Amino acid sequence: MKYAYYPGCSLQESAREFDVSVRAVMAALGVELVDIPDWTCCGASAAEPVSALMNYALPARNLALAEQELPGLDVLAPCSACYLNLLKVNREVVGNKDLHARVNEALGASGLNYRGTVGVRHILDVLVNDIGLDPIKERIVNDLGGMRVSAYYGCQILRPYEVFDDPRHPVSMDNVLSALGAKPLPWDMGNKCCGASLMVTHPEVAMHSVAAILGAADGSDAVATVCPLCQMNLEAYQHDSAAGGHHVPILYLTQLMGLAFGLEEPSVLLDKNMSMDGSMRAGIRSRAWRHEAPGEGDETLARET
Amino acid sequence: MNQTQAHAWSPDAVTREILEELRGEIGACMQCGTCTASCPNGFAMDITPRQMWRMVQFGMLDRILESKTFWMCSSCYMCTLRCPRGLKLTRAMGALKRLARQRGTWKIRKNSAFYDAFMENVEKYGRVQETSLMPGYFLKSRDPLLPLHYLPLGVRMMRAGKLHPPSSAQKGRLKELFAKVREMEEES
């Protein structure tokens, strides 16, 4: 299996642990990732409020590069906003003759052209539908031992396009977590918005969402996410009283996969998670929840220990 | 154009064009209010999303531009997912932000400061460089206290090794694309 890899800007910056763990986990699963040469920013959610055309031209540039340099490969995007922006080009530009011509006229300025042949895939889609849960289970050397994890999907991988999971009741990440030996906790915050860039422009508003999500995650050993902005919003304000004083590690799904696959540093970069203090890090390394006293938590877990 | 005299202001061609496009997109809104009920940020809006679509249908430009409703949209697409008429409401919120930017008052510039700083960063570096994005945003927001708000987070990010000096690997890579799009959008 081989994909054209689009890391996106965040994964080269404050979310390097996501990039590093994606590459390590994919390599462990025998998946080859080839970076799209010369890729640039997709515009995130900042292009749309500034320029209608730029909103399509920025992601289209990257698809055009993939089409030209890595023909036949689907693009794999781990970041939610990157995934949606790239997918949006295929859904809204391709098939709209006028808009497609305008986007290609813009791309023509740098000698590029996008015909519309590149598939856009999210990492959860690839994990569940291309790789499958059985190969993931086979790769496990040290399962998560009943770690209680809340799966946080966020918004843009599920909406507005219903591609690989039900946006109302998503299950794909819960299934991967179960395959890793974790215990996904039921909650109704998995597809709630974390506030996204509202955390920068109007933090007092986004803080309500963050506080509600963190509050609902009480009792979890960790929250798993697949979006760099969700991860940042949920962990960066845990010290802020406005966020409700809830402390819980916010980990990328691929970091948890790396741990279950027996990959050690520097493949999972747990030190880069601001929500991890020394005891949480030790708990994750030693699988602390395996030794919890009977009566606390799940009965079946207590029997296993 | 005298910005202090709101009543003397008449919308320019680009503004009218965006408003017309919006009215086309929102025309089928039947005012059921599902969007308002779905919005996670509705509590912070001065006009509900449902009311906003009515104002778009009526072309109430001044009232629309006075509102902060669309600046509170975090692009979560819940309203778009649930709209029984299948209207692209999140996209319409984006168009409203562009509509307001055409007006260019101080209040609006402050609200769009982050998006503007973000796009300038993309234009300059090709890929967003977080450590230069935030100072760019502070400058545009013209709020001297804003950097202080981010100081504790900046320190924690630095400790976790999350801050990196700007990379110039893709610097200037998008110059031609930005210039071309600017030219095309000025023409239309």
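Guide: The model discussed here is predicted.

Visitor: Why is the pair Arg173(B) and Asp38(A) called a salt bridge?

Guide: The term calls for a side-chain nitrogen of Lys or Arg within 4 Å of a carboxyl oxygen of Asp or Glu. The N to O distance between Arg173(B) and Asp38(A) is 2.9 Å, so the pair qualifies.

Visitor: What makes Glu105(A) and Lys180(B) a salt bridge?

Guide: Their closest N and O atoms are 3.6 Å apart, and the limit is 4 Å; therefore this pair also meets the criterion. The pair crosses between chains: Glu105(A) belongs to helix H4 (residues 97-108) of chain A, and Lys180(B) to helix H10 (residues 175-187) of chain B.

Visitor: How many salt bridges are counted between chain B and chain A, and how many does the structure hold over all chains?

Guide: The count between chain B and chain A is 4. Over all chains, the structure holds 21.

Visitor: What makes Leu145(B), Leu148(B), Leu151(B) and Val155(B) a nonpolar surface patch?

Guide: Patch members need over 30% relative accessible area, and nonpolar side chains, Leu and Val among them, are joined within 5 Å. These four residues make a patch of about 380 Å². One of them, Leu151(B), lies in helix H9 (residues 146-159) of chain B.

Visitor: How many helices and strands does chain B have?

Guide: Chain B has 10 helices and 0 strands. Its C-alpha atoms fill a box of roughly 50 × 40 × 35 Å along the principal axes.

Visitor: Which residues of chain A carry the annotation "Cysteine-rich"?

Guide: The unreviewed UniProt entry places this domain at residues 3-86 and 150-234 of chain A. In the model, residues 3-86 are 43% helix and 12% strand, with end C-alpha atoms 15 Å apart. For residues 150-234 the values are 39% helix, 11% strand and 13 Å.

Visitor: What confidence does the predictor assign to chain B and to the complex?

Guide: Chain B averages a pLDDT of 92, and 95% of its residues score at least 70. The complex receives an ipTM of 0.93 and a pTM of 0.94.

Note on methods
Residues numbered from 1 in each chain as written. Chains lettered and ligands numbered in written order. Predicted model: local features only at pLDDT ≥ 70, side-chain atom pairs only at ≥ 80, totals over all residues. Heavy atoms only, no water. pLDDT = per-residue confidence, 0-100. Patch = residues over 30% accessible without salt bridge, like charges linked within 9 Å, V, L, I, M, F, W, Y side chains within 5 Å. Areas by Shrake-Rupley, 256 points an atom, 1.4 Å probe, with all protein chains shown as cover. Helix = DSSP H or I, 4+ residues; strand = E, 2+ residues; numbered from the N terminus. UniProt positions renumbered as here; feature names shortened; annotations may be inferred.
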